[in-house]
Amino acid sequence: MAVPKRKTSKARRDKRRSSVWKLDAPVLVRCDHCGELKRPHRICGNCGHYKGREVINMD
């Protein structure tokens, strides 16, 4: 089995675990129909519209 030749230092270990690699906040866009914030390429959770047409009846 492969075994490390040298001990990984605390600085190198902590650099790898730092928050540099965390994902950014998701991008939000305005719904064309109601103006509510939503994720791009998703059905609006407020009015049920996608690409200008009603996909889900929210009544």
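Select Arg 16 to start: this residue is exposed, at 51% relative accessible area (exposed means over 50%, buried under 20% and partly exposed in between, with a 1.4 Å probe and protein chains only). The model is predicted, so local features need pLDDT of at least 70 and side-chain atom pairs pLDDT 80 or more, while totals for chains, interfaces and linings use all residues. Numbering runs from 1 along each chain as its sequence is written, and side-chain values use heavy atoms, without hydrogens or water.

Stay on Arg 16. The residue belongs to helix α1, residues 10–16 (helices are DSSP runs of H or I with at least four residues, strands are runs of E with at least two, and both are numbered from the N terminus). Beyond the neighbours within four places in sequence, show Thr 8 and Trp 21, which are in contact with Arg 16 (heavy atoms within 4.5 Å). Then draw a C-alpha to C-alpha distance from Arg 16 to Val 27: the two are 11 residues apart in sequence and 26 Å apart in space.

Next, select Arg 13 and Asp 14. They form a salt bridge, with the closest N and O atoms 3.0 Å apart (a side-chain nitrogen of Lys or Arg within 4 Å of a carboxyl oxygen of Asp or Glu). The structure holds one salt bridge. Arg 13 is partly exposed at 31%, and Asp 14 is partly exposed at 39%.

Last, select Ile 43, in the loop between β2 (37–38) and β3 (49–50). Ile 43 is partly exposed, at 38% relative accessibility.
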